[in-house]
Amino acid sequence: MPEQLADQKAALARIQEHLEKASERVLIGIIGKPGAGKSPLSKFLMGKLPKDLVTVVPMDGYHLSNKVLKDLKRSDRKGAPDTFDVAGFVSLVKRIRSEQTQNIYYPIFDRAIEESIAAQGVVTSATKVVIIEGNYLLHDEGGWEVLNDLLDESWMVDVDDDKRISRLISRHIAYGKDPEAAKAWAKGTDEVNAKLIERGRTRADFVVVID
């Protein structure tokens, strides 16, 4: 079973320890169900850490475009494991691990337009710790399974499910869904994905408890 990092402060202390001791770049995966709080945790950490040495790379930049999803008839499952460019994302993580003397650019997902913007983020050659944030870093099929071996540590975010789903519904409403559609998506598509993500919990190195 994963060891527990009691809270955000314990997670911060863990990264600070890596910055003090690690001689090579460290890759830390932050995994969680939809609405678990991965991005708020990353934002908290980045607010306390030197931005020239630490950066966050979100998996969401590798969403397939809305046009591609429509062509593949997967629009109603956006966010599922097969609605991402898995091979492209794996290639990025491999580059972040192996190419440490040059800047590496990556796409960022913009929730306002529900599309990714190319080369919006960068891992510089000075970066010592890369926080890789995403739902499926511990998924065990579909090409995702290789990611676990590319990470130095994997952290599963743990939060009360009722709070998580409520947060999801509010997020969907904020980005344009009507309340009923938001509730249906959060308890439908999102919850199907949540069950897949939960399967990877035992493979996590740490669990970070978020209140």
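**Helix packing around H5**

Modeller: Ile-165, Leu-168, Ile-169, His-172 and Ile-173 of H5 meet Pro-179, Ala-182, Lys-183, Trp-185, Ala-186 and Lys-187 of H6, contact being heavy atoms within 4.5 Å. These residues divide into 8 nonpolar, 1 polar and 2 charged. This is a predicted model, in which local features need pLDDT of at least 70, side-chain atom pairs count only at pLDDT 80 or more, and totals for chains, interfaces and linings use all residues. Residues are numbered from 1 along each chain as its sequence is written, and side-chain values use heavy atoms, with hydrogens and water left out.

Colleague: Why are H5 and H6 called oblique to each other?

Modeller: The axes of H5 (residues 161-174) and H6 (residues 179-187) cross at roughly 135° and come within 8 Å. Angles under 35 degrees count as roughly parallel, over 145 as roughly antiparallel, 65 to 115 as roughly perpendicular and the rest as oblique. H5 and H6 are therefore oblique.

Colleague: What is the handedness of the crossing of H5 and H6?

Modeller: The crossing of H5 and H6 is right-handed, a term used if the near helix is turned clockwise from the far one by less than a right angle.

Colleague: What makes H5 and H7 oblique to each other?

Modeller: The axes of H5 and H7 (residues 189-198) cross at roughly 135° and come within 11 Å, and H5 and H7 are therefore oblique. Arg-164, Ile-165, Leu-168 and His-172 of H5 make the contact with Asp-190, Glu-191 and Ala-194 of H7. The residues of this contact divide into 3 nonpolar, 1 polar and 3 charged.

How values were computed:
Axes fitted to C-alpha atoms, helices over the stretch in contact; angles between N-to-C directions. Helix = DSSP H or I, 4+ residues; strand = E, 2+ residues; numbered from the N terminus. Nonpolar A, V, L, I, M, F, W, Y, C, P; charged D, E, K, R; others polar.
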